[in-house]
Amino acid sequence: MVLLDQAKRTLENNLIQKTVTPPLILGIETSCDDTAAAVVVGSALQSSVVSSQHIHAEYGGVVPELASRDHQRLIVPVVQQALADANLHPSDLDAVAVTYGPGLAGALLVGLSFAKAYAFGLDIPLVGVNHLEGHIYSVFIEENPPAFPFLCLVVSGGHTQLVLVEEGFRHQTMGTTRDDAAGEAFDKVGKLLGLGYPGGPAIDRLAKDGDPTFRDFPRTRLGYDFSFSGIKTSVLYYLNAIPDDERAAFLETHLADVCASFQQAIVDVLISAMREALRETGVRHLAIVGGVSANSALRAAAQQLATDENIHLHIPSPRFSVDNAAMIAVTAHHKFVAGHTSPLTLTVQPSLSL
Ligand code: KG4
Ligand code: ZN
């Protein structure tokens, strides 16, 4: 009887320990051209590894087939590195989280298949994460996360969305792009200017020495919706209007000015939409996430907006703005503790929305 009581107490202690120990989650991200893995204990980040595929630069954009093949090559070493950096063994894990959409189908399949096999092998739950939710909750990786409800601009290579985020993973999309995403516009204009892929970081760098008032490119907004294909066409027409034999010399002198003017137009559109949405909703916290939130002019303008409107601004550090797995692991933490796990029959959803 005493032995039975002891055994019962040990079992209860183990259960209490299990429930009070923060869950240890491995996050995996392979939706586009970054193979990434990260580990969180509770919501605290332990490691984050990103292997960016450089093979696409020579093609001027991501080649889906090549992306899948590279994920296949990199997924095991990237996961091993993330576990090693966190000083952990696979058997320590409580769950495996993975992006299941939106993104490139073949690229998503590599990460999801790997995660399912890992979860199955370790007999632990799988947590499917929407890549867009991952970006939104990237502001919870670091200190001083926003309070709910907050306004969030998701601005990346694939998406431009203004979202009102409420507690419990409830999202209200206020506006979205009708055509190109802001990052896509950066990449297409970068290509036009011969800056390679991705164009965003190169334009950001060059624009620092340019005059943003050099050329007035169009600023299009349709309510809270965006349209960025017109500005790309406008840059194209502007360059085409320069005689062929003068274009090289023109760009030699004015490349930085064109970059700064184009970038300013994009920043103005994004800032004006956020200003209006802040005033309309009255929310006091603003988050800007996704690859384009790494842009230095957007960051500076957002800082000014926060001062003007007297609100709290949250932008992840640049390594968590672009695609990474830390945002997937942190999002999964919040889902997991709220009781959300996914069946092993989960399939990729390339067009998944919020
Ligand atoms: O979030 P992300 O890594 O991938 C997607 O989910 O799309 O975003 C990539 C996009 C690319 O279009 C890239 O050009 C853009 O983010 N980007 C930037 C900067 N850094 C990355 N755009 C402007 N300025 C930057 N500094
Ligand atoms: Zn992304």
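**Around ligand 1: a tutorial**

Student: Which residues come nearest to ligand 1?
Tutor: Of the 20 residues around ligand 1, the nearest are Gly157, Asp187, Asp204, Gly291 and Asp323. A residue is near a molecule if one of its heavy atoms lies within 4 Å of it. Keep in mind that this is a predicted model, where local features need pLDDT of at least 70, side-chain atom pairs count only at pLDDT 80 or more, and totals for chains, interfaces and linings use all residues. Residues are numbered from 1 along each chain as its sequence is written, chains are lettered from A and ligands numbered from 1 in the order written, and side-chain values use heavy atoms, leaving out hydrogens and water.

Student: What makes Asp187 a polar contact of ligand 1?
Tutor: A polar contact is a pair of N or O atoms within 3.5 Å. A polar side-chain atom of Asp187 lies 2.6 Å from an oxygen atom of ligand 1, so the pair counts. Gly183 uses a backbone N or O atom, at 3.1 Å from an oxygen atom of ligand 1. On its own the ligand has 560 Å² of accessible area (Shrake-Rupley method, 1.4 Å probe), and the protein covers 88% of that.

Student: How do you know which helices supply the shell around ligand 1?
Tutor: Helices are DSSP runs (H or I, at least four residues), numbered from the N terminus. α4 (131-136), α5 (182-192) and α6 (199-207) each supply at least two residues of that shell. Domain 1 (22-137 + 322-337) and domain 2 (146-315) each give at least three, the bounds coming from an automatic or database domain assignment.

Student: What makes the peptide bond between Phe148 and Pro149 stand out?
Tutor: Most peptide bonds are trans. The one joining Phe148 and Pro149 is cis, with omega about -10°, and Pro149 lies in the loop between α4 and β6 (150-155). Tyr197 and Pro198 are also joined by a cis bond, with omega about -5°. Pro198 lies in the loop between α5 and α6.

Student: Why mention the phi of Phe169?
Tutor: Most residues other than glycine have a negative phi. Phe169 has a positive one, near 55°. You'll find Phe169 in the loop between β7 (160-166) and β8 (170-176), where strands are DSSP runs of E with at least two residues.

Note on methods:
Polar contact = N/O pair within 3.5 Å; in protein donor to acceptor, adjacent residues only side chain to side chain.
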